[in-house]
Amino acid sequence: MINIISAVAENGIIGAGGKIPWDFPEDRKYFKKMTSGNIVVMGRRTFQEIGFPLPDRYNIIVSSTEKYRSENMVTVTDFATALETARDYSEKNSIPEIFLCGGAEIYRQGLEVADRLYITEIKSRYSGDVFFPEFSEKNFILVSREDITRMSFCIYERTGKEL
């Protein structure tokens, strides 16, 4: 199953100057819980912001300019190759979940193939220069929502009605 996971401010912001403009331990814990033991796909800038391969996950980095090497990590040059690599690794290792975890271009391309969206809706507006791409509620329907003080953990599933 292909999933997108992201935290998104009320105004759609997901990044500012190459950084995430907030730091909520609750969201980091949720991200770790959802992605651990699975496959993560991210762009080069997202990987550089994190600074290391995420432990207990198979990391696929999309970059046309850099080549990263480490245990449990591979670099590919484009999104299509990332998906093919993730699906192959998933099948060979019986790992059913693939998580697309940024940045904006990975999300934009991922919305076309994702089965599920894990969106942490941050209950504040932030300044920034990177936005989560809009998605239609005709394509994804909210199936779960957990509200906590500063955010809501929302899960959307593809409806099957592509418009």
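Which strand does Asp147 lie in? Asp147 belongs to strand 9, residues 140-147. I will come back to that residue after the overall picture.

First, the ground rules. This is a predicted model, in which local features need pLDDT of at least 70 and side-chain atom pairs count only at pLDDT 80 or more, while totals for chains, interfaces and linings use all residues. Residues are numbered from 1 along each chain as its sequence is written, and side-chain values use heavy atoms, with hydrogens and water left out.

The fold, then. The chain has 4 helices and 10 strands; these are DSSP runs, H or I of at least four residues for helices and E of at least two for strands, numbered from the N terminus. In sequence order the pattern is β-β-α-β-α-β-β-α-β-α-β-β-β-β. The radius of gyration is 15 Å, close to the 15 Å from the globule rule for 163 residues, so the chain is as compact as a globular protein of that length. That radius is taken over C-alpha atoms, and the rule is 2.2 Å times the number of residues to the power 0.38. Along its principal axes, the C-alpha trace spans about 40 × 35 × 25 Å.

Of the 163 residues, 44% are buried. Buried means under 20% relative accessible area, exposed means over 50%, and partly exposed is in between, with a 1.4 Å probe and protein chains only. As for contacts, meaning heavy atoms within 4.5 Å, take those between residues at least 6 apart in sequence: 60% of them join residues at least 24 apart.

Back to Asp147. Leaving out residues up to four places away in sequence, Asp147 touches Lys123 and Ser152. Val113 is 34 residues from Asp147 in sequence, and their C-alpha atoms are 27 Å apart. For another pair, Gln109 and Ala80 are 29 residues apart along the chain, with their C-alpha atoms separated by 9.1 Å. Gln109 sits in helix 4, residues 104-110, and is partly exposed at 24% relative accessibility.

Next, the aromatic rings. The whole structure holds 9 aromatic pairs. Rings of Phe, Tyr and Trp (its six-membered ring) pair if their centres lie within 6.5 Å; planes under 30 degrees apart are stacked, over 60 edge-to-face, and the rest tilted. Phe99 and Tyr118 have ring centres 5.5 Å apart and planes at 45°, so this pair is tilted. Phe99 is in strand 6 (residues 98-100) and Tyr118 in strand 7 (residues 116-122), so the pair ties together parts 19 residues apart in sequence. Both of these residues, Phe99 and Tyr118, are buried.

Phe135 and Phe140 have ring centres 5.8 Å apart and planes at 90°, so that pair is edge-to-face. Phe135 is partly exposed at 27% relative accessible area, whereas Phe140 is buried at 2%. Phe135 and Phe140 belong to one aromatic cluster with Tyr107, Phe132 and Tyr156.

Last, some backbone details. Where is the cis peptide bond? It runs from Gly102 to Gly103, with omega near -5°. Gly103 is in the loop between strand 6 and helix 4.

Asn72, not a glycine, has a positive phi near 60°. Asn72 is in the loop between strand 4 (58-62) and strand 5 (73-76), and is partly exposed at 39% relative accessibility. Ser94 is not a glycine either, and its phi is positive at about 55°. Ser94 lies in the loop between helix 3 (79-93) and strand 6, and counts as exposed at 66% relative accessibility.
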